[in-house]
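Hi,

Here is the model I promised to pass on. Have a look, and my notes follow below.

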Amino acid sequence: MLLGVTIVLSNDFSEIKKDERSWQDRQGGDLQTRAYERPGTHLVINGQYARVAEALQLSSGMRLLDLGCGAGLFLGWLAPRMQAEYHGLDLSFNSLKSIQAENSKLGLTVGDAELLPYQEATFDRISCNGAAHHLLDLRSALRELYRVLVPGGILVMYEPTATAVANAVRGAFSIDKYESPADLAHKDEFTRAGVATLLVEEGFTGISSSFHDFLAYPLSGMYINLPLGRSRSAMKFLTRLESKLERWTIFKPITDLFAWRLLVVASKPKQPISRS
(Lines give C-alpha, C1' and ligand atoms only; values in the text may rest on other atoms or scores of the structure.)
Protein backbone atom coordinates (compact mmCIF):
# COMPACT_ATOMS: atom_id res chain seq x y z
CA MET A 1 0.00 0.00 0.00
CA LEU A 2 1.31 3.45 -0.91
CA LEU A 3 -0.37 6.72 0.08
CA GLY A 4 -3.46 4.78 1.12
CA VAL A 5 -3.80 3.10 -2.27
CA THR A 6 -3.50 -0.68 -2.54
CA ILE A 7 -1.68 -1.93 -5.63
CA VAL A 8 -2.64 -5.36 -6.96
CA LEU A 9 -1.35 -5.80 -10.49
CA SER A 10 -0.33 -8.84 -12.47
CA ASN A 11 2.94 -8.77 -14.38
CA ASP A 12 1.21 -10.57 -17.23
CA PHE A 13 -0.05 -7.46 -19.06
CA SER A 14 -0.62 -7.28 -22.79
CA GLU A 15 1.14 -4.45 -24.62
CA ILE A 16 -2.10 -2.58 -25.19
CA LYS A 17 -2.97 -2.82 -21.50
CA LYS A 18 0.45 -1.43 -20.61
CA ASP A 19 -0.13 1.40 -23.09
CA GLU A 20 -3.56 1.99 -21.59
CA ARG A 21 -2.16 2.26 -18.07
CA SER A 22 0.56 4.66 -19.26
CA TRP A 23 -1.99 6.83 -21.12
CA GLN A 24 -4.32 6.95 -18.11
CA ASP A 25 -1.44 7.80 -15.77
CA ARG A 26 -0.26 10.51 -18.13
CA GLN A 27 -3.49 12.23 -19.15
CA GLY A 28 -6.69 10.27 -18.49
CA GLY A 29 -7.41 11.63 -15.02
CA ASP A 30 -6.40 15.15 -16.03
CA LEU A 31 -8.84 15.14 -18.96
CA GLN A 32 -11.67 14.09 -16.65
CA THR A 33 -10.87 16.74 -14.06
CA ARG A 34 -10.53 19.59 -16.54
CA ALA A 35 -13.85 18.71 -18.17
CA TYR A 36 -15.57 18.59 -14.78
CA GLU A 37 -14.22 22.03 -13.90
CA ARG A 38 -16.13 23.70 -16.76
CA PRO A 39 -19.47 24.93 -15.35
CA GLY A 40 -21.70 23.67 -18.16
CA THR A 41 -20.00 20.29 -18.53
CA HIS A 42 -20.05 19.95 -14.73
CA LEU A 43 -23.83 20.28 -14.73
CA VAL A 44 -24.25 17.70 -17.49
CA ILE A 45 -21.94 15.17 -15.84
CA ASN A 46 -23.73 15.57 -12.52
CA GLY A 47 -26.95 14.68 -14.34
CA GLN A 48 -25.27 11.50 -15.57
CA TYR A 49 -24.16 10.69 -12.03
CA ALA A 50 -27.73 11.11 -10.80
CA ARG A 51 -28.97 8.69 -13.47
CA VAL A 52 -26.39 6.07 -12.48
CA ALA A 53 -27.15 6.56 -8.77
CA GLU A 54 -30.87 6.06 -9.36
CA ALA A 55 -30.20 2.83 -11.25
CA LEU A 56 -27.93 1.55 -8.46
CA GLN A 57 -30.75 1.70 -5.88
CA LEU A 58 -28.11 2.25 -3.22
CA SER A 59 -29.15 2.03 0.44
CA SER A 60 -27.36 3.10 3.59
CA GLY A 61 -24.64 0.69 4.71
CA MET A 62 -24.16 -1.03 1.36
CA ARG A 63 -20.74 -1.70 -0.13
CA LEU A 64 -20.17 -0.20 -3.59
CA LEU A 65 -17.31 -0.73 -6.03
CA ASP A 66 -16.77 1.89 -8.71
CA LEU A 67 -14.90 -0.03 -11.39
CA GLY A 68 -12.59 2.16 -13.46
CA CYS A 69 -13.12 5.04 -11.05
CA GLY A 70 -10.53 7.25 -12.75
CA ALA A 71 -10.11 10.56 -10.92
CA GLY A 72 -12.89 9.58 -8.50
CA LEU A 73 -15.38 12.22 -9.61
CA PHE A 74 -18.41 9.94 -9.33
CA LEU A 75 -17.36 8.66 -5.90
CA GLY A 76 -16.79 12.24 -4.79
CA TRP A 77 -20.28 13.17 -5.97
CA LEU A 78 -21.97 10.11 -4.47
CA ALA A 79 -20.30 9.81 -1.04
CA PRO A 80 -21.87 12.93 0.55
CA ARG A 81 -25.32 11.89 -0.67
CA MET A 82 -25.50 8.36 0.72
CA GLN A 83 -23.90 6.79 3.78
CA ALA A 84 -22.25 3.68 2.39
CA GLU A 85 -18.88 1.95 2.10
CA TYR A 86 -17.17 3.09 -1.08
CA HIS A 87 -14.37 1.41 -2.99
CA GLY A 88 -12.72 2.34 -6.27
CA LEU A 89 -10.52 0.32 -8.62
CA ASP A 90 -8.58 1.69 -11.56
CA LEU A 91 -5.59 0.77 -13.69
CA SER A 92 -4.05 4.22 -13.15
CA PHE A 93 -2.07 4.90 -9.98
CA ASN A 94 -1.85 8.64 -10.69
CA SER A 95 -5.62 8.96 -10.89
CA LEU A 96 -6.08 7.18 -7.58
CA LYS A 97 -3.48 9.38 -5.90
CA SER A 98 -5.59 12.41 -6.72
CA ILE A 99 -8.68 10.77 -5.18
CA GLN A 100 -6.80 9.79 -2.02
CA ALA A 101 -5.74 13.39 -1.51
CA GLU A 102 -9.40 14.44 -1.52
CA ASN A 103 -10.97 11.60 0.48
CA SER A 104 -8.89 9.26 2.63
CA LYS A 105 -11.95 7.20 3.64
CA LEU A 106 -12.33 5.54 0.26
CA GLY A 107 -10.95 2.05 -0.29
CA LEU A 108 -8.80 2.47 -3.40
CA THR A 109 -7.01 -0.22 -5.38
CA VAL A 110 -4.83 -0.10 -8.49
CA GLY A 111 -5.85 -3.27 -10.23
CA ASP A 112 -7.16 -5.12 -13.25
CA ALA A 113 -10.89 -5.60 -13.86
CA GLU A 114 -10.22 -8.99 -15.40
CA LEU A 115 -8.65 -10.27 -12.17
CA LEU A 116 -10.33 -8.47 -9.27
CA PRO A 117 -8.50 -8.61 -5.91
CA TYR A 118 -11.68 -9.16 -3.88
CA GLN A 119 -13.34 -12.16 -2.31
CA GLU A 120 -16.56 -13.64 -3.65
CA ALA A 121 -19.76 -11.74 -2.77
CA THR A 122 -17.95 -8.65 -1.49
CA PHE A 123 -20.08 -5.84 -2.96
CA ASP A 124 -23.79 -5.03 -2.96
CA ARG A 125 -23.47 -2.70 -5.92
CA ILE A 126 -20.99 -2.13 -8.74
CA SER A 127 -20.90 0.96 -10.94
CA CYS A 128 -18.95 1.26 -14.16
CA ASN A 129 -19.28 4.80 -15.44
CA GLY A 130 -17.53 5.11 -18.80
CA ALA A 131 -14.95 2.42 -18.11
CA ALA A 132 -16.40 -0.86 -19.40
CA HIS A 133 -15.69 0.00 -23.03
CA HIS A 134 -11.99 0.25 -22.11
CA LEU A 135 -11.86 -3.39 -21.02
CA LEU A 136 -10.01 -5.58 -23.49
CA ASP A 137 -11.73 -8.77 -22.35
CA LEU A 138 -15.23 -7.71 -21.31
CA ARG A 139 -16.38 -11.29 -20.83
CA SER A 140 -13.65 -12.00 -18.27
CA ALA A 141 -14.40 -8.73 -16.48
CA LEU A 142 -18.14 -9.49 -16.31
CA ARG A 143 -17.34 -12.93 -14.92
CA GLU A 144 -15.28 -11.28 -12.20
CA LEU A 145 -17.97 -8.70 -11.47
CA TYR A 146 -20.52 -11.47 -11.12
CA ARG A 147 -18.22 -13.27 -8.69
CA VAL A 148 -17.67 -10.30 -6.36
CA LEU A 149 -21.33 -9.21 -6.34
CA VAL A 150 -23.55 -10.51 -3.54
CA PRO A 151 -26.60 -12.54 -4.65
CA GLY A 152 -29.23 -9.97 -5.58
CA GLY A 153 -26.54 -7.35 -6.19
CA ILE A 154 -26.79 -4.84 -9.03
CA LEU A 155 -24.33 -3.86 -11.75
CA VAL A 156 -24.81 -0.53 -13.54
CA MET A 157 -22.80 0.45 -16.61
CA TYR A 158 -23.09 3.87 -18.24
CA GLU A 159 -21.00 3.78 -21.38
CA PRO A 160 -20.34 5.61 -24.66
CA THR A 161 -22.40 4.14 -27.45
CA ALA A 162 -20.95 2.53 -30.56
CA THR A 163 -23.64 3.76 -32.94
CA ALA A 164 -23.13 4.79 -36.55
CA VAL A 165 -23.84 8.45 -35.75
CA ALA A 166 -21.51 8.62 -32.74
CA ASN A 167 -18.72 6.90 -34.63
CA ALA A 168 -19.15 9.22 -37.61
CA VAL A 169 -18.98 12.33 -35.42
CA ARG A 170 -15.87 11.08 -33.66
CA GLY A 171 -14.16 10.55 -36.98
CA ALA A 172 -15.29 13.84 -38.53
CA PHE A 173 -14.10 15.98 -35.61
CA SER A 174 -10.87 14.07 -34.87
CA ILE A 175 -12.06 13.14 -31.40
CA ASP A 176 -9.74 10.12 -31.55
CA LYS A 177 -6.93 12.19 -30.04
CA TYR A 178 -8.88 12.20 -26.77
CA GLU A 179 -9.31 8.41 -26.82
CA SER A 180 -7.11 5.98 -24.92
CA PRO A 181 -5.29 3.04 -26.56
CA ALA A 182 -8.03 0.64 -25.43
CA ASP A 183 -10.69 2.97 -26.84
CA LEU A 184 -9.02 3.06 -30.21
CA ALA A 185 -8.51 -0.70 -30.23
CA HIS A 186 -12.09 -1.81 -29.79
CA LYS A 187 -14.51 0.94 -28.75
CA ASP A 188 -16.82 0.04 -31.64
CA GLU A 189 -17.35 -3.40 -30.11
CA PHE A 190 -19.34 -2.09 -27.12
CA THR A 191 -22.88 -2.41 -28.48
CA ARG A 192 -26.25 -2.78 -26.81
CA ALA A 193 -26.88 -6.26 -28.20
CA GLY A 194 -23.35 -7.51 -27.63
CA VAL A 195 -23.24 -6.46 -23.97
CA ALA A 196 -26.67 -7.94 -23.27
CA THR A 197 -25.58 -11.26 -24.77
CA LEU A 198 -22.44 -11.39 -22.62
CA LEU A 199 -24.38 -10.53 -19.46
CA VAL A 200 -26.83 -13.37 -20.06
CA GLU A 201 -24.06 -15.83 -20.82
CA GLU A 202 -22.25 -14.91 -17.59
CA GLY A 203 -25.36 -15.50 -15.47
CA PHE A 204 -26.80 -12.00 -14.98
CA THR A 205 -30.56 -11.50 -14.98
CA GLY A 206 -33.01 -8.58 -14.97
CA ILE A 207 -31.05 -6.96 -17.79
CA SER A 208 -32.30 -3.63 -19.12
CA SER A 209 -30.73 -0.96 -21.29
CA SER A 210 -31.61 2.50 -22.56
CA PHE A 211 -30.00 5.26 -24.64
CA HIS A 212 -29.37 8.73 -23.21
CA ASP A 213 -27.45 11.99 -23.73
CA PHE A 214 -28.42 12.97 -27.26
CA LEU A 215 -28.30 16.76 -26.84
CA ALA A 216 -26.59 18.50 -23.91
CA TYR A 217 -23.71 16.03 -23.45
CA PRO A 218 -22.32 16.12 -27.02
CA LEU A 219 -22.75 19.90 -27.19
CA SER A 220 -20.86 20.31 -23.91
CA GLY A 221 -17.80 18.93 -25.66
CA MET A 222 -16.80 16.79 -22.67
CA TYR A 223 -13.01 16.62 -23.14
CA ILE A 224 -13.11 19.26 -25.89
CA ASN A 225 -13.30 22.78 -24.45
CA LEU A 226 -16.35 24.04 -26.38
CA PRO A 227 -18.00 27.41 -25.54
CA LEU A 228 -21.29 25.77 -24.50
CA GLY A 229 -19.42 23.61 -22.00
CA ARG A 230 -18.32 26.78 -20.23
CA SER A 231 -21.89 28.06 -19.92
CA ARG A 232 -23.95 26.68 -17.05
CA SER A 233 -27.09 28.50 -18.21
CA ALA A 234 -26.83 27.07 -21.75
CA MET A 235 -26.38 23.52 -20.47
CA LYS A 236 -29.21 23.96 -17.98
CA PHE A 237 -31.53 24.96 -20.82
CA LEU A 238 -30.40 22.07 -23.02
CA THR A 239 -30.75 19.45 -20.27
CA ARG A 240 -34.29 20.63 -19.53
CA LEU A 241 -35.17 20.51 -23.23
CA GLU A 242 -33.61 17.06 -23.49
CA SER A 243 -35.65 15.83 -20.52
CA LYS A 244 -38.86 17.05 -22.13
CA LEU A 245 -38.08 15.43 -25.47
CA GLU A 246 -37.29 12.12 -23.75
CA ARG A 247 -40.84 11.98 -22.38
CA TRP A 248 -42.32 12.04 -25.90
CA THR A 249 -42.18 8.49 -27.24
CA ILE A 250 -42.71 9.77 -30.77
CA PHE A 251 -39.17 11.20 -30.68
CA LYS A 252 -37.56 8.07 -29.27
CA PRO A 253 -36.24 6.66 -32.59
CA ILE A 254 -34.50 9.99 -33.23
CA THR A 255 -33.17 10.50 -29.70
CA ASP A 256 -31.85 6.93 -29.64
CA LEU A 257 -30.15 7.46 -32.98
CA PHE A 258 -28.25 10.51 -31.70
CA ALA A 259 -27.61 9.21 -28.17
CA TRP A 260 -24.04 9.19 -26.87
CA ARG A 261 -24.51 7.04 -23.79
CA LEU A 262 -25.93 3.60 -23.05
CA LEU A 263 -27.25 2.73 -19.58
CA VAL A 264 -27.13 -1.00 -18.80
CA VAL A 265 -28.50 -2.48 -15.57
CA ALA A 266 -28.16 -6.14 -14.57
CA SER A 267 -28.50 -8.21 -11.41
CA LYS A 268 -26.86 -11.27 -9.94
CA PRO A 269 -29.73 -13.68 -9.13
CA LYS A 270 -30.49 -14.33 -5.47
CA GLN A 271 -30.46 -18.05 -6.17
CA PRO A 272 -27.77 -19.72 -8.31
CA ILE A 273 -28.82 -20.54 -11.87
CA SER A 274 -27.89 -24.05 -12.93
CA ARG A 275 -26.02 -24.12 -16.25
CA SER A 276 -26.32 -27.24 -18.37
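I started with a helix pair: α5 (residues 138-148) packs against α8 (residues 192-201) at an angle of about 45°, and their axes are 10 Å apart. With that angle, α5 counts as oblique to α8, and α5 passes α8 in a right-handed crossing. On the α5 side the contact is made by Leu138, Arg139 and Leu142, and α8 brings in Val195, Leu198, Leu199 and Glu201. By type, the residues of this contact are five nonpolar, two charged and no polar. Keep in mind throughout that this is a predicted model.

Next, the cores. The largest nonpolar core has 41 residues, and Leu78, Tyr86 and Val156 touch the most other members. Helix α2 (residues 39-56) gives the most to this core, with eight residues. Not counting residues up to four places away in sequence, Leu78 touches Tyr86 as well as Ala53, Leu58 and Leu64. There is also a second, separate core of 31 residues, which includes Leu89, Tyr118, Val195 and Ala266. Val195 from that second core is also one of the α8 residues in the contact with α5.

Is Tyr36 buried or exposed? Its relative accessibility is 14%, so Tyr36 counts as buried. Leaving aside neighbours within four places in sequence, Tyr36 is in contact with His42, Ile45, Asn46, Tyr49, Leu73 and Trp77. Of these, Asn46 is ten residues from Tyr36 in sequence, with 9.0 Å between their C-alpha atoms.

Cheers

Key:
Residues are numbered from 1 along each chain as its sequence is written. This is a predicted model: local features need pLDDT of at least 70, side-chain atom pairs count only at pLDDT 80 or more; totals for chains, interfaces and linings use all residues. Side-chain values use heavy atoms; hydrogens and water are left out. A nonpolar core is a set of buried Ala, Val, Leu, Ile, Met, Phe, Trp, Tyr and Cys residues joined through side-chain atoms within 4.5 Å. Buried means under 20% relative accessible area, exposed over 50%, partly exposed in between (1.4 Å probe, protein chains only). Helices (H or I, at least four residues) and strands (E, at least two) are DSSP runs, numbered from the N terminus. Contact means heavy atoms within 4.5 Å. Axes are lines fitted to C-alpha atoms, for helices over the stretch in contact, and angles run from 0 to 180 degrees between N-to-C directions. Angles under 35 degrees count as roughly parallel, over 145 as roughly antiparallel, 65 to 115 as roughly perpendicular and the rest as oblique. A crossing is left-handed if the near helix is turned anticlockwise from the far one by less than a right angle, and right-handed if clockwise. Ala, Val, Leu, Ile, Met, Phe, Trp, Tyr, Cys and Pro count as nonpolar, Asp, Glu, Lys and Arg as charged, and the others, Gly among them, as polar.
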